[in-house]
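Hi,

Here is the structure I promised to hand over. Have a look at it first, then read my notes below.

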Amino acid sequence: MKNSKYVGKIDDLPLVDCSDFILGAEKRIVFGPDRFGDAYVMRCFTLEPYSVAPPNRHPWEHYALCIGGEGKFIVGNTEYDIANGYWMHVPGNISHIFWNTSDKEPLVIICIVPKGGDVNPFTTARPTHQECSF
């Protein structure tokens, strides 16, 4: 990769619009097809206070790491508290939700999906109609 940058700050990466499925959030692609990798996409989501990644399900599994803030993670019917340093696994075809429970700090999640999984889940997979408990 000619003139590639091999190190950098996540906050310096370009923003990707995700407002059509997560209000009050920012998305950046850390690694993916146009950035060093063809099989997986590593995204960084920053959810502002009280912002929610709404319930959705899709056929691919994904992995997530909380690198800042605190919040809730629901997978299936189980709710977990999450904070900086926590990891999460989302099996395929299981409903899941992330939300920021703080009124002051952003919740920052690194999320890794297969290349075909970096999409709006509401336009490519059937969303669930589960009610949120918050």
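Predicted model: local features only at pLDDT ≥ 70, side-chain atom pairs only at ≥ 80, totals over all residues.

**What I found in the strands**

Let's begin with strand S6 (residues 70-75), which runs antiparallel to S9 and is joined to it by five bridges. Two strands count as paired here if DSSP finds at least two bridges between them. The strands themselves are DSSP runs (E, at least two residues; helices are H or I, at least four), numbered from the N terminus.

Residues are numbered from 1 along each chain as its sequence is written, and side-chain values use heavy atoms, with hydrogens and water left out.

Back to S9 (residues 96-100): it also pairs with strand S4 (residues 52-56), in the antiparallel sense and over three bridges. There, Val52 sits opposite Trp99 of S9.

How many of the residues of S9 are buried? Five of five, so to speak a mostly covered strand, where buried means under 20% relative accessible area, exposed over 50%, and partly exposed in between (1.4 Å probe, protein chains only). In a regular strand, side chains alternate between the two faces of the sheet. In S9 both faces are covered: His96, Phe98 and Asn100 are buried on one side, Ile97 and Trp99 on the other.

Next, have a look at S10 (residues 107-114). This strand is mostly covered too, with six of its eight residues buried. S3 is joined to S10 by eight bridges, and the two run antiparallel; Tyr40 faces Pro114 there. Strand S5 (residues 62-68) also runs antiparallel to S10, through five bridges, and Gly68 stands opposite Val108.

Within S3 (residues 40-47) you will find Thr46. Is Thr46 buried or exposed? Thr46 counts as buried because its relative accessible area is 12%. Leaving out neighbours within four places in sequence, Thr46 is in contact (heavy atoms within 4.5 Å) with Gly24, Ala25, Glu26, Pro106, Leu107 and Val108.

Last, the cysteines. Cys66 is buried, because its relative accessibility is 2%, and Cys111 is buried as well, at 4%. Taking a disulfide as a pair of cysteine sulfur atoms within 2.5 Å, the count is zero.

Happy browsing!
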